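Take a look first, and then we'll go through it piece by piece.

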Amino acid sequence: MLLLLLLLLAVIIPGGDSEDAVQGPTSYHVIQISTYANSTWAQNQGSGWLGDLQIHGWDSDSGTAIFLKPWSKGNFSNEEVTEVVDLLRVYLIGFTREVQDKAKEFQLEYPFVIQGTAGCELHPGKAISSFLRGALGGLDFVSLKNNLCVPAPEGGSKAQQFCALIIQYQGILDIIETLLSETCPRYLLGVLDAGKAELQRQVKPEAWLSSGPTPGPGRLLLVCHVSGFYPKPVWVMWMRGEQEQPSTQRGDILPHADGTWYFRVTLDVVAGEVSGLSCRVKHSSLGDQDIILYWGHPTSITLIVLAIIVPFLILLICLALWYWRRWSYQSVL
């Protein structure tokens, strides 16, 4: 059933064959989360992801697909979009009924949650790998690969029972293999080409240093902030000379509202051993020009403050001169 979701999102989209299209994100996958509270109530959530960027969603209340980017429709016509949305709605209704009909046979106890993901990835040279995995209650259940259903150890006898059932339908497995190895890559290339202006943009990060809460007597917590960068992959490390500091602690990479990212790393050190420490930032937008900030030296946060204050002071001076000239002109009159 999950593969039908992949089919409905991809099968109508004409493929792309641009070499540039495979730059940046190189994978596409769909996620389905189906929650069953009892034998009469269920909710389906769906999303489509280009790398770590969500480009499709599903409104379960209205039964409508959500295209989160202007290019995430590929080159669909309005008629094709309507057709896909209708097919998705029918698919999710069918999936819900199928699970509810089989729940007793597979001894599923309400409430339970089914999760699935399916997609493909392009590698250098345009080699293709694909995947389809299902989970039950947060535990791996089955995976499908090369026309084979593989039960996960966590799935126990239920997973083995499911594979024994699905393997009888070789036609379905053939369709799944075609969708994963042919349709999904064709869609991936097409949407990468449609969205390449945004996907391949480069935004340089800003970086600054600060101190965090004191970790203990005689110790300092050094914090390196990196903000406003795109794309997401970034390398940040506390260094002493050319030596990476293995005790560097990394936070999560967090999103900004404008689609750029924020990241910070910290280092817990003895207060008397901060000399020679620096934070190094590597990002694709910087090329070979890494950002290096030395602890105890003026950092880019100072530059940021100056960048805010100096224009403000210039504005005040200009306003003062304007008022002075106006006042002088009125005094002459």
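Gly 171 lies in helix α4, where helices (H or I, at least four residues) and strands (E, at least two) are DSSP runs numbered from the N terminus. With a relative accessible area of 44%, Gly 171 is partly exposed; here buried means under 20% relative accessible area, exposed means over 50%, and partly exposed is anything in between (1.4 Å probe, protein chains only). Gly 171 and Asn 147 are 24 residues apart in sequence, and their C-alpha atoms are 9.7 Å apart in space.

A quick word on ground rules. This is a predicted model, so local features need pLDDT of at least 70 and side-chain atom pairs count only at pLDDT 80 or more, while totals for chains, interfaces and linings use all residues. Residues are numbered from 1 along each chain as its sequence is written, and side-chain values use heavy atoms, with hydrogens and water left out.

**The overall picture**

Of its 333 residues, 37% are buried. Take the contacts (heavy atoms within 4.5 Å) between residues at least 6 apart in sequence: 58% of them join residues at least 24 apart. The protein exposes about 18,800 Å², with carbon and sulfur atoms supplying 58% of that; the accessible areas come from the Shrake-Rupley method with a 1.4 Å probe, and for residues only the protein chains shown count as cover.

Helix α2 covers residues 78–102, which is 25 residues, and reaches 36 Å from its first C-alpha to its last. That is close to the 36 Å expected at 1.5 Å a residue, the expected span being 1.5 Å times one less than the number of residues. The buried residues of α2 include Val 81, Leu 88, Tyr 91, Phe 95 and Val 99.

Which residues of α3 are buried? In this helix (residues 156–166), they are Ala 159, Cys 163 and Ile 166. Seen down the axis of α3, these buried residues fall within an arc of 70°, so they line one face of the helix; the arc is that of the directions from the helix axis to the C-beta atoms. Ser 157 and Gln 160 are exposed, and they sit on the face of α3 turned away from its buried side. As for what the buried residues of α3 pack against, the partners are β7 (139–145), β8 (148–151) and α4 (170–194).

**The disulfides**

How many disulfides are there? The count comes to 3, taking a disulfide to be a pair of cysteine sulfur atoms within 2.5 Å. Here they are with their sulfur-to-sulfur distances:

| Cysteine pair | S to S distance |
|---|---|
| Cys 120 and Cys 184 | 2.1 Å |
| Cys 149 and Cys 163 | 2.0 Å |
| Cys 224 and Cys 279 | 2.0 Å |

Cys 120 lies in strand β5 (residues 112–122) and Cys 184 in helix α4, so this pair ties together parts that are 64 residues apart in sequence. The torsion about the S-S bond of Cys 120 and Cys 184 is about -85°, so the disulfide is left-handed. Cys 120 and Cys 184 are both buried.

The link of Cys 149 and Cys 163 is left-handed, with -60° about the S-S bond. Cys 149 sits in strand β8 and Cys 163 in helix α3, so the pair ties together parts that are 14 residues apart in sequence. Cys 149 is buried at a relative accessible area of 12%, and Cys 163 counts as buried at 8%.

For Cys 224 and Cys 279, the torsion about the S-S bond is about -80°, so this disulfide is left-handed. The pair links distant parts of the chain, 55 residues apart: Cys 224 in strand β10 (residues 219–229) and Cys 279 in strand β16. Cys 224 is buried, and so is Cys 279. Number the bonded cysteines in sequence order and the pairing reads 1-4, 2-3, 5-6.

**The sheet around β16**

Strand β16 also belongs to an open sheet of 4 strands, in the order β12-β11-β16-β17, with antiparallel pairing. β12 (243–244) and β17 (291–294) stand at the edges with a single partner strand each, so one side of each is left without a neighbour in the sheet. Strands pair if DSSP finds at least two bridges between them; β16 (residues 277–282) and β17 pair in the antiparallel sense over 4 bridges. Arg 280 has Ile 292 of β17 as its bridge partner.
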